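This report looks at backbone features, nonpolar cores, a cavity and model confidence. Please read the headings below alongside the sequence and the coordinates.

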Amino acid sequence: MLQRDVTREVNTVRPPEFSRSERLRVLVAAAVGSVVVGYAAVAAVLALVSATATYADFSTSGVLSAAAPAWLAAHHVPLRFDSGQLGVLPLLPTALLMLLVGRTAAGTADRLGLYEPLQARGVVLSIAGSHAVVGGAIALVMGDGVVRATPAVAFFGCAAVSGLAATIGVARRCGLYEVVFDKLDPVALHGLRAGFMALFALVSVGSLAVAAGLAASWPRTSELFAGAGPSFGVGLGVFLLCLAYLPNAIIAGFSYVAGAGFSMGGVEVSPLRFVGGQVPPVPLLAAMPENEFVWSPAVLVGGAVLGVLVGWTCRKVSDRPSSRLRAVLVAAITAGVGSLVLAATAGGRLAGGAFDPVTVPAGLLALLVALWVLVPGALVAWLAGSRKKAVAADDAAEFVEPDYDEETADPDVVFEDAELTDQFEQLEVVDSDEFEVDEDLEDDDHYDEDEYAEEEPEDVEDVEGEEEDDAEPEAEEDLGEEEDLDAEFDEMLGMEAEEDLDGKPGR
């Protein structure tokens with residue numbers, strides 16, 4: 001029967017070939033397009049705020065020039081003023097910019113038909129290089145103006161953010177995930193997933209804490225919105241400011257739930273330590289607790305519960321307790337490193353004023369998160385996991401026959417292989433009654449050579465008969481000698497000669 005060679009058809013499929021000029025044109029379009037679209041998005045937001053503000057002087061050139069430092073801030077590049085440095089930058093514009101760059105990189109990879117990991121470097125380098133060049137150029141053009149940026153920091157900062165976003169965008173299409181994850185054993189891979197799950201759960205708990213704080217202080221939040229300004233444009237600007245800093249507030253709430261807390265100038269807020277003071281009149285900051293509460297340490301239970309859940313997910317990774325502990329350790333390291341990165345990007349300098357700096361202790365947060373995952377998770381994974389039952393080698397152990405009921409047994413036997421099932425059904429079952437046993441046979445009957453001797457053919461030549469006659473006396477002499485030797489051997493052993501069924505003496 002003819003069969004199609006599917007493997008050959010799949011292997012022969014290749015992405016379309018592009019010339020060097022065509023590939024270069026596609027890469028340049030992706031690099032320039034990501035920069036232009038990102039810059040245009042920032043300028044559009046500033047134009048909306050300026051157009052709706054009451055006393056704002058709206059102009060196209062003013063909006064485009066103001067969009068330059070805002071574009072650098074979206075790449076998380078610190079800005080400098082005469083009064084100090086603005087290092088605590090909003091994370092929502094950075095996340096949206098990375099999403100835009102990632103989608104651009106993914107579309108470029110699809111258009112070029114990239115499928116190998118090494119092919120992704122062209123897309124990543126082109127996008128990261130264009131953002132780095134534009135960022136450095138903007139920092140040089142701003143010079144010693146009102147808003148300034150260090151060219152080297154702008155160059156490498158824009159390259160790092162855009163390069164990371166482009167790598168994430170092409171990772172799935174170019175097989176970068178497989179290159180990384182295929183090198184991990186199943187235990188480490190399960191621990192890595194559990195670590196990301198723990199980090200996501202802690203961030204979710206932090207967002208719930210911020211939402212609960214805003215709901216509890218909603219009158220204060222409304223008052224701050226009303227005090228920002230009477231016009232719609234001012235209220236819109238304050239709302240967009242709070243929305244841009246919302247991820248920073250969520251990370252601060254996550255740090256509070258984990259036990260590390262956060263600080264803003266002289267104000268310190270944590271479950272175990274509270275130092276009050278004045279904060280900026282921003283509606284988002286109304287979620288901060290104004291006083292120390294007795295039940296504040298109770299929020300630490302969330303970290304312990306999360307560690308228990310991580311251990312519960314790792315209890316079936318392996319029958320060996322050491323492998324389960326290794327999975328929990330990988331999860332703790334993953335969650336700790338992720339917490340370190342998030343906390344490092346959420347804080348920074350705040351223009352050298354009374355509220356400077358805004359700090360989310362990255363090192364302490366990473367250590368506490370790792371401990372919350374490791375300690376309860378290791379205990380649960382050790383105690384709740386399955387263990388191999390040791391089978392004792394007992395020579396005197398009795399064999400227990402399995403319970404088998406012939407009446408309830410299924411007569412239809414089905415194998416996994418259809419061919420084996422057909423062969424089994426073709427077998428003829430023979431009952432024991434069909435076998436006939438000759439009851440006349442006695443136990444002492446034996447094989448008689450004389451009885452079953454083959455008859456000599458009658459047409460044997462005379463010459464052969466003569467040769468047999470000559471050989472018979474020699475055979476009888478040999479048989480006699482063997483019988484004498486047997487008799488002597490029996491006498492030496494003290495045995496008496498027995499008689500067989502034919503009455504002949506035997507051993």
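## Backbone features

His76 sits in the loop between helix H3 (60-74) and strand E1 (79-80), where helices (H or I, at least four residues) and strands (E, at least two) are DSSP runs numbered from the N terminus. Although His76 is not a glycine, its phi is positive, at about 65°. With a relative accessible area of 21%, His76 is partly exposed; buried means under 20% relative accessible area, exposed over 50%, and partly exposed in between (1.4 Å probe, protein chains only).

The peptide bond from Asp356 to Pro357 is cis, with omega near -5°, and Pro357 belongs to the loop between H13 and strand E6 (358-359).

## Basis and confidence

This is a predicted model, in which local features need pLDDT of at least 70 and side-chain atom pairs count only at pLDDT 80 or more, while totals for chains, interfaces and linings use all residues. Residues are numbered from 1 along each chain as its sequence is written, and side-chain values use heavy atoms, with hydrogens and water left out.

The average pLDDT (the predictor's confidence in each residue, from 0 to 100) is 78 for the protein, and 72% of the residues score at least 70. Over residues 406-411 the pLDDT is below 50, and beyond near neighbours in sequence this stretch has one contact in the model, a contact being heavy atoms within 4.5 Å.

## Nonpolar cores

A nonpolar core is a set of buried Ala, Val, Leu, Ile, Met, Phe, Trp, Tyr and Cys residues joined through side-chain atoms within 4.5 Å. The largest one has 38 residues, of which Phe262, Val269, Val310, Leu365, Val369 and Val373 touch the most other members. Among the elements that each supply at least two residues of this core are helix H8 (186-216), strand E3 (262-264), helix H13 (321-346) and helix H14 (362-384); the largest share, seven residues, comes from H13.

Leaving aside residues up to four places away in sequence, Phe262 touches several residues, including Ala252, Tyr256, Val269, Met288 and Pro361. Another core, of 19 residues, lies apart from the largest one and includes Val35, Ala43, Ile138 and Met142.

## Lining residues

Among the residues that line the largest cavity are Tyr256, Val269, Arg273, Phe274, Glu292 and Phe293, a cavity being a set of points, on a 1 Å grid over the protein atoms alone, where a 1.4 Å probe fits but cannot get out, with lining residues having an atom within 4 Å of a point.

Key: On a 1 Å grid over the protein atoms alone, a cavity is a set of points where a 1.4 Å probe fits but cannot get out, and a pocket is an open set with protein on both sides within 12 Å along at least five of seven lines; lining residues have an atom within 4 Å of a point.
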